[in-house]
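Subject: Structure handover

Hello,

The structure is pasted below, and my notes on it follow.

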Amino acid sequence: MSKLLARIHRTLKKRTAFARGLGARVAAIMFVAMIVIQAVFTVPDYVRERGALINSARSEATGLFLAAIDPTDFPSIEGLKDIGGKLVAATDIAGGTVISGAGEIRSVFGQVPELSWVRARLHGETARLFADQGMFDLFLPPETTRIPHGVILRIDVGRQWARIEANLVERAVLSGLIALMVAGLAWFVIARMVVRPLDRMRDTVDMALMVPDQPEGWHVNVHRSDQIGALAHTLNQFLFLASTTISDDLAASATIVDRLPHGVVVLSEHGHIVSANTAALKLFGASDVGSLAARPGTSLFRFEGEAVDLAEFAGSGQQFGNGEILDGDDTFPCLVGSGQAKRSDGSVLRRFLIFVDMRSLVDDIRAEVKRREEAEAGLIRLRKDLRRMKRMFDACLVITEYSNGEAGSTRIVTVTPETAIQSWQDRLEAEEEGPITGLSADGLPPILGDPMEMRRLFDSALEIVRLRSGLDQPAISVVATVGAGGMATFVVQESDGEGDIATISSQTDVALLIAALSTLCTAQDGGLVNSVGENEANTVAFRLKVDETSLAFQKGKVGAAA
C-alpha cells in the first residue's frame with residue numbers, strides 16, 4: 001500500500017505542475033484571444049468609419065459647390081475663383097483648382113489640392129484622403145458641376161479624422177485592459193479551483209508517506225461537489241485503506257470500494273473481471289458482475305474516441321483521459337483512469353479501472369450555452385428596440401421643432417432623391433441593420449428643398465415601410481410621377497415578390513414617424529398623400545416640388561444621348 005501511496009504522490013505532483021502550467025497557458029491564450037477578437041471587430045469599424053468620413057466629405061463638398069453656382073449662368077473663371085474664395089472662408093473647403101475639360105488649370109483658390117486631373121481622369125481616382133494632413137481631395141467633372149469646367153476641391157477633415165484616431169486608441173487601450181483582466185481572472189480561478197486543492201492532496205499524501213501510523217488517520221480537507229471534490233473523496237478512501245492493515249487479496253477494501261461514488265472495475269492479473277462496485281454496474285447497465293463479465297470487452301467503453309478492450313486497456317499500465325460509456329445504443333461521456341495493485345515481490349495482484357460519470361457536467365455546460373444564446377438573442381432584440389426608440393425620439397424632435405417654430409433656416413437648393421435614399425442606406429449599415437439589398441430607386445426627378453430636411457423626409461418614409469414589413473430584407477421600391485404645378489408624387493412601397501404591393505405584416509407602431517413625415521412634407525411646400533394603401537398595402541405617398549430646370553436639363557441630356 002505504501003508503494004501505491006508513493007505512486008499517487010508522484011501522480012499528484014505531476015498533475016499539480018501540469019495544472020499550474022496549464023493555468024498560465026490558458027491565461028495567455030485568453031489574453032491573446034481577447035486581443036484578436038477586439039482587433040477583428042475594430043478593423044471593420046475603422047474601415048466603416050473611414051468610408052463614412054469619405055462619403056460625408058464627398059457629399060458635403062459636392063452639395064456646397066453645386067449650391068454655390070448657377071449652372072444656367074455659366075460663371076466665368078474669375079467668378080468661379082470668387083465663389084471658391086467665399087467657400088474657403090465660410091466652410092470646411094480649404095481650397096481648390098478650376099480645370100478645363102482638357103485638364104488645364106485655369107484658376108486656383110485657397111490651398112492647392114494634391115490630386116491631379118491625370119489621376120482623376122485617366123486612373124479613375126476621383127477622391128483621395130490624405131490622413132497625415134487631415135485633408136480630402138475631390139474631383140468634380142464638368143458632368144457633375146454642369147458647367148464647362150471641372151473642379152478639384154480640398155476639404156479640411158482634420159477634426160473628423162482626429163476623432164477617428166482618438167477612438168481607435170481608446171478602443172485599443174480598453175481592449176488591452178479588458179484582455180489583461182480576463183486573463184488574470186482565468187489564472188486566479190484555475191489556481192484557486194484546481195492548483196490549490198491538488199497541492200493540498202499532494203501534501204497530505206506526502207505526510208501519510210512520512211508518518212503512516214497517524215492515530216486519527218490522514219484526511220484531505222477538500223469539500224466540494226465537483227470532480228475535484230470527488231477525487232478528494234476517493235483519495236480519502238485510499239488514505240483510509242493505507243492506515244489499516246489489509247491482506248494481499250484486498251478483501252477488507254471491498255466494502256469501501258463498493259461505496260465509492262465512481263465506478264470501479266477490478267480485474268485479475270490475467271484480465272478477468274473479478275468485481276465491480278454498484279456505481280460501475282449502474283454505469284454499464286448490468287445487474288451483476290457476471291452479466292458485466294459476459295459482455296465483449298470492446299463493447300463497454302471507448303477511450304479517446306476509439307473502442308478498446310477492457311483487459312488490454314487495464315494491462316497497458318497507468319492511464320487517464322476522456323472516454324465514453326457504451327450502454328446499448330446510449331453513450332455518455334466519462335473520465336477513465338487505470339492502475340494496478342502489486343504484491344510485495346512486485347508482481348501484479350489486481351488491476352482496476354475507475355470511471356467518472358461526466359453527464360451532469362456536460363448537461364450544465366449545455367444549459368449554460370443555451371442560456372448564453374438566449375441572452376445574446378435578447379440583447380439583439382434590445383438593440384433593435386433601442387434603435388427603434390431612437391427613431392421615434394427623432395420623429396418627436398421633428399414634430400416639436402416645427403410645431404414650436406424652432407426649425408432652423410431652410411436652404412432651397414436642388415436635391416437628388418437618390419442621395420437622400422443612399423443616406424438612409426448608410427445609416428442602416430452603420431447601425432448594423434442594412435443595407436437593404438432589394439431597394440429600387442431609379443429615374444427619380446430632382447427636387448427643390450433643404451438637403452438636410454430632405455434626407456430626414458426620405459429617411460422617415462423608408463423607415464415606415466421597412467418597420468411595417470416585418471422582414472429583415474424587404475423588397476422596397478421608390479417611384480415618382482411628375483404632375484402639374486411643378487409637383488411630383490413619390491411612392492415608397494414594398495413588393496411581395498410577385499409584382500404586387502405587399503400588405504402590412506408587422507404591428508410596429510409608426511404613428512410618430514408618419515406625423516414627422518407629414519410635418520417635413522409640409523415644411524418643404526409639399527404634402528403627405530397617404531400613409532397606407534388600399535387593403536392595408538404597405539405603401540407611403542407624398543408630394544414634393546420638382547426642380548423643373550434641372551429636370552429639363554436631364555431630359556435634354558437623355559435626348560442628346562439618344
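Eight bridges join β15 to β16 (residues 487-495), and the two strands run antiparallel. Val-479 is placed opposite Val-491 of β16. Helices and strands here are DSSP runs numbered from the N terminus (helices H or I, at least four residues; strands E, at least two), and two strands pair if DSSP finds at least two bridges between them.

This is a predicted model, in which local features need pLDDT of at least 70 and side-chain atom pairs count only at pLDDT 80 or more, while totals for chains, interfaces and linings use all residues. Residues are numbered from 1 along each chain as its sequence is written, and side-chain values use heavy atoms, with hydrogens and water left out.

Both strands belong to an open sheet of four strands in the order β15-β16-β18-β17, paired antiparallel. β15 (475-482) and β17 (527-530) are the edges with a single partner strand each, so one side of each has no neighbour in the sheet. Neighbouring strands are turned by 25 degrees against each other on average, direction ignored. Axes are lines fitted to C-alpha atoms, for helices over the stretch in contact, and angles run from 0 to 180 degrees between N-to-C directions.

Two helices lie across this sheet. Helix α13 (residues 451-469) lies across β15, β16 and β18 (539-545), at about 170 degrees to β18. Helix α14 (residues 511-523) lies across β17 and β18, at about 130 degrees to β17. Contact means heavy atoms within 4.5 Å.

**The five-stranded sheet**

A second open sheet has five strands in the order β2-β1-β5-β4-β3, again with antiparallel pairing. Its edge strands, β2 (105-110) and β3 (127-130), each pair on one side only. Six bridges pair β4 (residues 135-140) with β5 (residues 150-156), and Leu-138 stands opposite Leu-153 in β5.

**Nonpolar cores**

A nonpolar core is a set of buried Ala, Val, Leu, Ile, Met, Phe, Trp, Tyr and Cys residues joined through side-chain atoms within 4.5 Å. Buried means under 20% relative accessible area, exposed over 50%, partly exposed in between (1.4 Å probe, protein chains only).

The largest core has 39 residues, of which Phe-458 and Phe-542 touch the most other members. Helix α13 gives the largest share, eight residues. Leaving out residues up to four places away in sequence, Phe-458 touches Pro-417, Ala-420, Ile-421, Ile-447, Phe-490, Phe-542 and Leu-544. Apart from this core lies another, of 24 residues, including Leu-53, Leu-80, Val-98 and Leu-140.

**Aromatic rings**

Rings of Phe, Tyr and Trp (its six-membered ring) pair if their centres lie within 6.5 Å; planes under 30 degrees apart count as stacked, over 60 as edge-to-face and the rest as tilted. The count is seven aromatic pairs. The rings of Phe-284 and Phe-355 have centres 5.2 Å apart and planes at 90 degrees, so this pair is edge-to-face. Phe-284 is in helix α8 (residues 278-284) and Phe-355 in strand β12 (residues 348-357), so the pair ties together parts 71 residues apart in sequence. Phe-284 is buried at 1% relative accessible area, and Phe-355 is buried at 0%.

For Phe-303 and Phe-313, the ring centres are 4.8 Å apart and the planes at 55 degrees, so the pair is tilted. Ring pairs link Phe-284, Phe-301, Phe-303, Phe-313 and Phe-355 into a cluster.

Regards
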